[in-house]
Amino acid sequence: MKRRPVVTIALSLLISIGTAAADFSYTDQQLLSLMDRIPELSPYVPGYDEPVSAASLLETLPLMEEVYSFSFFAAGSNHSWTDPALGDEWSEAYLVRSEDRLDLLFRDRIYEDLESLRYRGEPLVGGSIEIWLSWEGTDELKAELESFAARQGIEIDAVVVPNPEAKLEAVVRSRGPVPDLVMTQASGIADLASARAIQPLDYLDFTPFVPQARDAFTLNGSVWAVPLYFDTQLLFYHRELVPSGPDSDWTLADMERIAADIDSPRPLAWNAYSSNWLIPFQMSFGKTRLVEPGGGIIVDDRPTAEALNYILELIDDNLMVPMERDAMDALFIAGEVGMMLSGSYAIPYLESLGVDFGVAPFPLNQDTGLPVSPLLDFKAMVIPRQTRNPILARRVLQHLSGSGVQFRFCTAYAKLSARRDLREAVAGEYAYGAILDATIDNGTVIPPDRSYAVYKNTMWRLIRLVLSGQMPVETMLQTGQRLMDVDR
């Protein structure tokens, strides 16, 4: 980094008498020193075609409640803004380090050769929050939070909770102390919102996220959670039984031919008892939407009947064996299942065991021209209504959903980032990234509507009766519709 005359030699913190406002000033060298404290700089930020070393202003600078004015000197020019919401933009503004200069990415524009920056606002000094984590990768998220807390002089108590939505509802009902951030999935939003356990987050900026991520957490006209990542559904094949694997543009007919050639009594398997694995086939047989505009889910329709009949045909032809997830995984690992439908969350697990497998997107239904649509399962963070530290919770949440944490976490755990600007970068970082990323265009989002929970609870019992031959498809669907309509 070349040396320049500096306007301000040291950081200044000038507290105004009678107010909490403060002035902050940094030179390029001071900013670089702050970046050195970050264990792992992000190799990717929007606007740069090549890998970089970058960190957001939120990661680098002291935490702020509000930022009223912001200015910087770059490439011989001064730039300034006055806006009470500037502090909420820190997570999307990046310092980018190169061999001979420091750049600033701010409001989608790159300012090269940054020399100094100044801002005025109210600092967020100290504080503590409690966060409930769940699902895969909690150790990685804990490490990210611990590093951020140490740099910012705050306390973050990150607790792993197996069923965070149910626990939050119970705590709210008992009027106990609530956490400040809680991890959730789309199917938990309706009950949490109904229980007034969480607050709407419409005041936050959701433009960095893929539209499906916002859809997954929009209910009654409000957005209730900030998306982090999502899993998708794929076909896994064991290379010992399926050496070459299917083509990317394959069809259901191709799947049947491959299954027929597999030397195993279990050529193809999935947990067909779960409605989550019926939905992809419902969509491929012509269902245009899962939840109706007025609420509710229709199951006594032609696409659902054809989807179930198709699954029954696979079973009758000895091409598919419906199995519970744990048994299916064990037999696939042992090389006794040739192909299985499973979630992308299984990729790191299978890799850690050294299983020789490949993945493929779901096939196309050659009769309808529609793809078997993978279910997209988004994970997110909600802010409880009774959080004790809402501003700090917001800042930590912005950090978790920023490109730095998202890039590191998603590439480590084969997740799909909810951020639009990370799709290509994340997909290029691991073996199956491009296949996973392509599923979002044909995917069906798990909805936040309560009708989805009713659908799941109703169908998982009835599907078993159909697959075991105890109830005809038409009778089962009529029964399911009647039960769902009563429970709405």
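Is D108 buried or exposed in this predicted model? With a relative accessibility of 80%, D108 counts as exposed, where exposed denotes over 50% relative accessible area, buried under 20% and partly exposed the range in between, computed with a 1.4 Å probe on protein chains only. The model is predicted, so that local features need pLDDT of at least 70 and side-chain atom pairs count only at pLDDT 80 or more, whereas totals for chains, interfaces and linings use all residues. Residues are numbered from 1 along each chain as its sequence is written, and side-chain values use heavy atoms, with hydrogens and water left out.

D108, which is not a glycine, has a positive phi near 65 degrees and lies in the loop between β7 (102–106) and β8 (109–111); helices (H or I, at least four residues) and strands (E, at least two) are DSSP runs numbered from the N terminus. A positive phi, near 60 degrees, is likewise found at the non-glycine residue N318, which is placed in the loop between α9 (302–316) and β18 (320–322) and is exposed at a relative accessible area of 60%.

Elsewhere, helix α3 (residues 138–152) packs against helix α13 (residues 403–413) at an angle of about 155 degrees, their axes being 10 Å apart; axes are lines fitted to C-alpha atoms over the stretch in contact, and angles run from 0 to 180 degrees between N-to-C directions. The two helices are therefore roughly antiparallel, a term applied to angles over 145 degrees. In the contact (heavy atoms within 4.5 Å), E140, L141 and E144 of α3 meet V405, R408, F409 and Y413 of α13.

Key:
Angles under 35 degrees count as roughly parallel, over 145 as roughly antiparallel, 65 to 115 as roughly perpendicular and the rest as oblique.
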